[in-house]
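Q: I have a structure open and would like to go through parts of it. Can we take it piece by piece?
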Amino acid sequence: MSSKIRITKQFTFETGHALYGYDGKCKNVHGHSYKLSVTVIGHPISDTNHVKYGMVIDFGDLKKIVKNEIVDVFDHATVFNKNTPHVELAKELEHRGHNVLLVDYQPTSEMMVIDFAEKIKSQLPSHIALHSLKLQETETSFAEWYASDN
């Protein structure tokens, strides 16, 4: 059996959010240029007749999954916890044509990365496992999700 290999693809997207009930500046609507690193693990395809021979997964296929599930959904959207009074603000923004996402969690990097892990895992081929995610909110702040921790 060949070695297990991890491969990573990185993505960027711009997303606004507000943290309801938070005791600092982030209770206000603001945005981040998020960087998401998606690492999957698997064995490179050993069938010499396979069009993807030597690949764990085609980077293009991984990109498609992450773009559909995360980037295209969150990019240039504003995320609010739907269980807070922010819902009024969200509805007003939506009414004015803004791209608003209502989620059932506080949209911190920590909670977003948990959400992203579930979404990506559900779309990966069965022979590929999600190894880890890193969601960078600023140059110096990030949250990580590891399969081995969960």
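Q: Is K121 buried, partly exposed or exposed?
A: This is a predicted model. In it, K121 counts as partly exposed, at 37% relative accessibility.

Q: Which side chain does K121 meet in a salt bridge?
A: That of E118, at 3.4 Å from N to O. E118 is also partly exposed, with a relative accessible area of 45%.

Q: How far apart are E118 and K121 in helix α3?
A: They are three residues apart, so about one helical turn separates them.

Q: What about D115, which partner does its side chain have in a salt bridge?
A: K119, at 2.8 Å from N to O.

Q: What covers the buried residues of α3?
A: The cover includes strands β1, β2, β5 and β6, and helix α1. Among the buried residues of α3 are M112, V113, F116 and I120.

Q: Take F116. What is its relative accessible area?
A: It is 0%, so F116 is buried. Leaving aside neighbours within four places in sequence, F116 is in contact with F13, L36, I70, F74, L133 and L135.

Q: Changing topic: which residues touch the most other members of the largest nonpolar core?
A: L36, V38 and L133, out of 32 residues in that core. The largest share, six residues, comes from α1.

Q: Where is the other core, and what is in it?
A: It lies apart from the largest one and has five residues, including A18, A90, L93 and V100.

Q: Back to strands. How do β5 and β6 run?
A: They run antiparallel, joined by six bridges. A hairpin connects β5 to β6 through two residues.

Q: Which residue does E139 meet in a salt bridge?
A: K35, at 3.5 Å from N to O. The pair links distant parts of the chain, since E139 is in the loop between β5 and β6 while K35 is in strand β2, 104 residues apart.

Q: Is E139 buried or exposed?
A: E139 counts as exposed, at 63% relative accessibility. K35 counts as partly exposed, at 39%.

Terms used. Residues are numbered from 1 along each chain as its sequence is written. This is a predicted model: local features need pLDDT of at least 70, side-chain atom pairs count only at pLDDT 80 or more; totals for chains, interfaces and linings use all residues. Side-chain values use heavy atoms; hydrogens and water are left out. Buried means under 20% relative accessible area, exposed over 50%, partly exposed in between (1.4 Å probe, protein chains only). Helices (H or I, at least four residues) and strands (E, at least two) are DSSP runs, numbered from the N terminus. Contact means heavy atoms within 4.5 Å. A nonpolar core is a set of buried Ala, Val, Leu, Ile, Met, Phe, Trp, Tyr and Cys residues joined through side-chain atoms within 4.5 Å. Two strands pair if DSSP finds at least two bridges between them. A salt bridge is a side-chain nitrogen of Lys or Arg within 4 Å of a carboxyl oxygen of Asp or Glu.
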